[in-house]
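Subject: Structure handover

Dear colleague,

Here is the structure you are taking over. My notes on what was found in it follow below.

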Amino acid sequence: MIGRRRYRVHGRVQGVGFRAFVWRQAQRLEVSGWVRNRRDGTVEALADGPADEHEKLHAVLQRGPSLSVVERVDVTREDREIEDLVGFAIVPDE
């Protein structure tokens, strides 16, 4: 079953290639969505995918790229809108 999750990654996650890292990992997983930097210094991702792929994505976000320092990852389940997310993209900062 496909579900939607919103992830907020806290720590040293901007200026370290985090969004590109997430984009590459999402390409190998069965998830669609986007990732962006937020003004508060976090990175946010919205993803649609099967539950097991969300578990893998969560683990990837907790690890991050080598220059990052991930303090925590907040995850919330969301209702999927009528429109499905297609592909995975890096979108403009909030």
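Strands E2 and E3 run antiparallel and are joined by six bridges. Please bear in mind that this is a predicted model. The two strands form a hairpin with five residues between them. Gly-41, in the turn, has a positive phi of about 95°. One of the facing pairs puts Asn-37 opposite Val-43 in E3.

E2 also pairs with E5, here in the parallel sense and over three bridges. In that pairing Trp-34 stands opposite Ala-89 in E5.

Is E2 enclosed or open? Six of its six residues are buried, so E2 is largely enclosed by the rest of the structure. Ser-32, Trp-34 and Arg-36 point one way from the strand, Gly-33, Val-35 and Asn-37 point the other way, and all are buried.

Asn-37 belongs to E2, which covers residues 32-37. Its relative accessible area is 9%, and because buried means under 20%, Asn-37 counts as buried. Leaving out residues up to four places away in sequence, Asn-37 touches Gln-14, Arg-19, Thr-42, Val-43, Asp-93 and Glu-94.

The other pairings involve E1. Strand E1 (residues 2-12) pairs with E3 (residues 43-50) in the antiparallel sense over eight bridges, and Val-9 stands opposite Val-43 in E3. E1 also pairs with E4 (residues 69-78), again in the antiparallel sense, over nine bridges. There Arg-8 stands opposite Asp-74 in E4.

Next, the helices and the core. Helix H1 spans residues 18-28, and its buried residues are Phe-18, Phe-21, Val-22, Gln-25 and Ala-26. Seen down the axis of H1, these fall within an arc of 130°, so they line one face of the helix. An α-helix has 3.6 residues a turn, so residues three or four places apart point the same way. The cover over the buried residues of H1 includes E1, E2, E3, helix H2 (51-63), E4 and strand E5 (88-90).

The largest nonpolar core has 19 residues. Within that core, the residues with the most contacts are Tyr-7, Val-9, Phe-18, Val-22 and Leu-61. E1, H1, E3 and H2 are the elements that give two or more residues to this core, and its largest share, four residues, comes from H1. In soluble globular proteins, nonpolar side chains tend to be buried together.

What does Tyr-7 contact, leaving aside its neighbours within four places in sequence? The list includes Val-43, Glu-44, Ala-45 and Ala-47. It also includes His-54, Leu-57, His-58 and Leu-61, as well as Val-73, Asp-74 and Val-75.

Finally, the chain as a whole. The protein chain has two helices and five strands, which follow the pattern β-α-β-β-α-β-β along the sequence. A compact globule of 94 residues would have a radius of gyration near 12 Å, and the protein chain agrees with this at 12 Å. Its C-alpha trace spans about 35 × 25 × 20 Å along the principal axes.

Of the 94 residues, 44% are buried. The accessible surface of the protein chain comes to about 5500 Å², and 48% of that belongs to carbon and sulfur atoms. Among contacts between residues at least 6 apart in sequence, 78% join residues at least 24 apart.

Regards

How values were computed:
Residues are numbered from 1 along each chain as its sequence is written. This is a predicted model: local features need pLDDT of at least 70, side-chain atom pairs count only at pLDDT 80 or more; totals for chains, interfaces and linings use all residues. Side-chain values use heavy atoms; hydrogens and water are left out. Buried means under 20% relative accessible area, exposed over 50%, partly exposed in between (1.4 Å probe, protein chains only). Contact means heavy atoms within 4.5 Å. Two strands pair if DSSP finds at least two bridges between them. The arc is that of the directions from the helix axis to the C-beta atoms. A nonpolar core is a set of buried Ala, Val, Leu, Ile, Met, Phe, Trp, Tyr and Cys residues joined through side-chain atoms within 4.5 Å. The radius of gyration is taken over C-alpha atoms; the globule rule is 2.2 Å times the number of residues to the power 0.38. Accessible areas come from the Shrake-Rupley method with a 1.4 Å probe; for residues, only the protein chains shown count as cover.
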